[in-house]
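Subject: A structure for you to look at

Hi there,

I am passing a structure on to you, together with some notes on what turned up in it. Please have a look at it first and then read on.

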Amino acid sequence: MTNMWEAAVEAEIRSAQERGEFDNLPGAGKPIPGRNLPYDESWWIKSFMQREKLPSDLLLPTPLQLRRRVERVPDEVRDLPTEQAVRDFCALLNADIIAWLRLPTGPRVV
């Protein structure tokens, strides 16, 4: 049964090659990225975050994420148009902090 499966897969690959479906693929003829670098167990998450343009803060535990958000408050509220907008921004942040304090996970950070 395994040989039949392998033969079918190989036949599909050959057929796709003949139709040219593997021609001009992105990265064709280029070295594999990171091939000569030492092995990193987290390569997949790092490449995912880079590809999706996600901030590395997402890897931090919740209390450290909250601390970073608090540190950035002056820069983030500086351009808000009204006092109410600043109050709303701070209320959302405070709600997230209170939610974490009620059910803390991760390391305790002041």
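Below are my notes, starting with the overall layout and then moving to particular residues.

First, some ground rules. This is a predicted model, in which local features need pLDDT of at least 70 and side-chain atom pairs count only at pLDDT 80 or more, while totals for chains, interfaces and linings use all residues. Residues are numbered from 1 along each chain as its sequence is written, and side-chain values use heavy atoms, with hydrogens and water left out.

**Overall layout**

The protein has five helices and zero strands, where helices (H or I, at least four residues) and strands (E, at least two) are DSSP runs numbered from the N terminus. Read from the N terminus, the order of elements is α-α-α-α-α. Along the principal axes, the C-alpha atoms fill a box of roughly 65 × 35 × 30 Å. The radius of gyration is 25 Å, whereas a compact globule of 110 residues would have one near 13 Å; this radius is taken over C-alpha atoms, and the globule rule is 2.2 Å times the number of residues to the power 0.38.

Of the 110 residues, 8% count as buried. Here buried means under 20% relative accessible area, exposed means over 50%, and partly exposed lies in between (1.4 Å probe, protein chains only). Among contacts (heavy atoms within 4.5 Å) with a separation of 6 or more, 38% are between residues 24 or more positions apart.

**Salt bridges**

How many salt bridges does a search of the whole structure find? There are eight, each being a side-chain nitrogen of Lys or Arg within 4 Å of a carboxyl oxygen of Asp or Glu.

One of them joins Glu83 to Arg87, with the closest N and O atoms 2.8 Å apart. Both residues belong to helix α5 (residues 83-102) and sit four residues apart, about one turn of the helix. Glu83 is exposed, because its relative accessible area is 54%.

Other salt bridges share partners, joining Asp57, Arg68 and Arg72 into one network. Asp57 lies in the loop between α2 and α3 (62-71). Is Asp57 buried or exposed? Its relative accessibility is 18%, so Asp57 counts as buried. Apart from neighbours within four places in sequence, Asp57 is in contact with Gln65, Arg68 and Arg72.

Asp40 and Lys46 also meet through their side chains, at 2.6 Å from N to O. Asp40 is partly exposed at 29% relative accessibility, and Lys46 is partly exposed at 49%. Another pair is Glu52 and Arg51, whose closest N and O atoms are 3.8 Å apart. Glu52 has a relative accessible area of 43% and is therefore partly exposed, while Arg51 counts as exposed at 53%.

**A nonpolar patch**

On the surface, Trp5, Val9, Ile13, Phe22 and Leu25 form a nonpolar patch with about 480 Å² of accessible area together. Patches are made of residues with over 30% relative accessible area and no salt bridge; like charges are joined within 9 Å and nonpolar side chains (Val, Leu, Ile, Met, Phe, Trp, Tyr) within 5 Å. Phe22 is located in the loop between α1 (2-19) and α2 (43-51), and at 43% relative accessibility Phe22 counts as partly exposed.

Best wishes

Key: Accessible areas come from the Shrake-Rupley method with a 1.4 Å probe; for residues, only the protein chains shown count as cover.
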